[in-house]
Protein chains: 2
Amino acid sequence: MSQFDNVSIVKKANVYFDGKVTSRTVLFADGTKKTLGIMLPGEYEFGTDVKEIMEIVAGDLKVLLPGETEWLHIQGEGEFIVPANTKFKLQVSVTTDYCCSYISE
Amino acid sequence: MSQFDNVSIVKKANVYFDGKVTSRTVLFADGTKKTLGIMLPGEYEFGTDVKEIMEIVAGDLKVLLPGETEWLHIQGEGEFIVPANTKFKLQVSVTTDYCCSYISE
């Protein structure tokens, strides 16, 4: 889908890594949450509290998922899933637009 | 208000200046539109199609409004209004979070 309807959006941005990663929080009527974010080129490590489904809307990046030794390369669109309570690494080579869904299980 | 309710949000980001300025489009039930954006440090010039009310949610920047010779300095929160069909310049010194309202008259 190209847009999310009947949602709430938090006005204030989430800012990480000195602004090189930023996102906006979108709240759905069913109580679920997504963030729509931008990552500028750089290397980042993130931790998860809950399972995350990361959809890359546009970009070019490599992902090192927890327990893996090989980097996953996503160019253009793509998706990866990160388990809860883990860490993952990113090498972002161009401005990358993403949509992250938080899945409480 | 800290969040906007019952809105639609466009999934794909608006990306300007190689990702140094990005925003998300929020559509309201009354047909109006806002963008929630982030500007990284840098100098930018923007043009308007309609009147814009720029609310700075957090940041530090100087603004040169059309027809002015003195820069307006906003630290923290602030607001400025830009008439339709004009250009304005920004000198952004820290990561700046904004909410822009588009006013068709």
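Which residue of β1(B) does A:Q3 stand opposite? The points below answer this and then describe how the two chains of this predicted model meet.

1. **The strands that cross between chains.** A:Q3 stands opposite B:V10 in β1(B).

2. **The symmetry of the pair.** Chain B is superposed on chain A by a rotation of 180° with 0.0 Å of shift along its axis, and the RMSD is 0.0 Å. The two copies are thus related as by a two-fold rotation axis. Among the residues of chain B, B:N6 comes closest to this axis, with its C-alpha at 2.3 Å.

3. In chain B, 31 residues are in contact with 31 residues of chain A. Of the interface residues of chain B, 100% are also interface residues in chain A, so the copies meet through the same surface.

4. **The area of the interface.** The size of an interface is often given as the accessible area lost when the parts come together. Here, the area buried between chain B and chain A is about 2,500 Å². Carbon and sulfur atoms give 56% of that area. In chain B, the residues that lose the most area to chain A are B:I9, B:K11 and B:R24, which together account for 30% of what that side buries.

5. **Salt bridges between the chains.** Side chains of opposite charge can pair when their charged atoms come close. The count over all chains is six salt bridges, and four are found across the interface of chain B and chain A. One of the salt bridges links B:R24 with A:D97, where the closest N and O atoms are 2.8 Å apart. B:R24 is also among the residues of chain B that lose the most area to chain A.

6. B:E55 forms a salt bridge with A:K11, and the closest N and O atoms are 2.8 Å apart. Because B:E55 lies in strand β6 of chain B and A:K11 in the loop between β1 and β2 (14–16) of chain A, the pair joins two chains.

7. **Polar contacts and the elements involved.** Between chain B and chain A, 19 residue pairs are in polar contact, with both residues at pLDDT 80 or more. On the side of chain B that touches chain A, the elements giving two or more residues are β1 (3–10), β3 (21–27), β4 (33–39), β6 (51–64) and β9 (87–103) of chain B. Which of these elements gives the most residues to that side? The answer is β1(B), with eight residues. The residues of this side of chain B divide into 16 nonpolar, eight polar and seven charged.

8. **Strand pairing around β9(B).** Several strands of chain B pair with β9(B). β6(B) and β9(B) pair in the antiparallel sense over 12 bridges, and in this pairing B:M54 stands opposite B:C100. β4(B) also pairs with β9(B) in the antiparallel sense, over seven bridges; here B:M39 stands opposite B:T96. Strand β5 of chain B, residues 42–47, is joined to β9(B) by six bridges, and the two run antiparallel. The bridge partner of B:E43 in β9(B) is B:Q91.

Technical notes:
Residues numbered from 1 in each chain as written. Chains lettered and ligands numbered in written order. Predicted model: local features only at pLDDT ≥ 70, side-chain atom pairs only at ≥ 80, totals over all residues. Heavy atoms only, no water. Contact = heavy atoms within 4.5 Å. Buried area = accessible area lost by both parts, 1.4 Å probe. Salt bridge = Lys/Arg side-chain N within 4 Å of Asp/Glu carboxyl O. Polar contact = N/O pair within 3.5 Å; in protein donor to acceptor, adjacent residues only side chain to side chain. Helix = DSSP H or I, 4+ residues; strand = E, 2+ residues; numbered from the N terminus. Nonpolar A, V, L, I, M, F, W, Y, C, P; charged D, E, K, R; others polar. Pairing = 2+ DSSP bridges. Least-squares fit on C-alpha atoms with pLDDT ≥ 70 in both.
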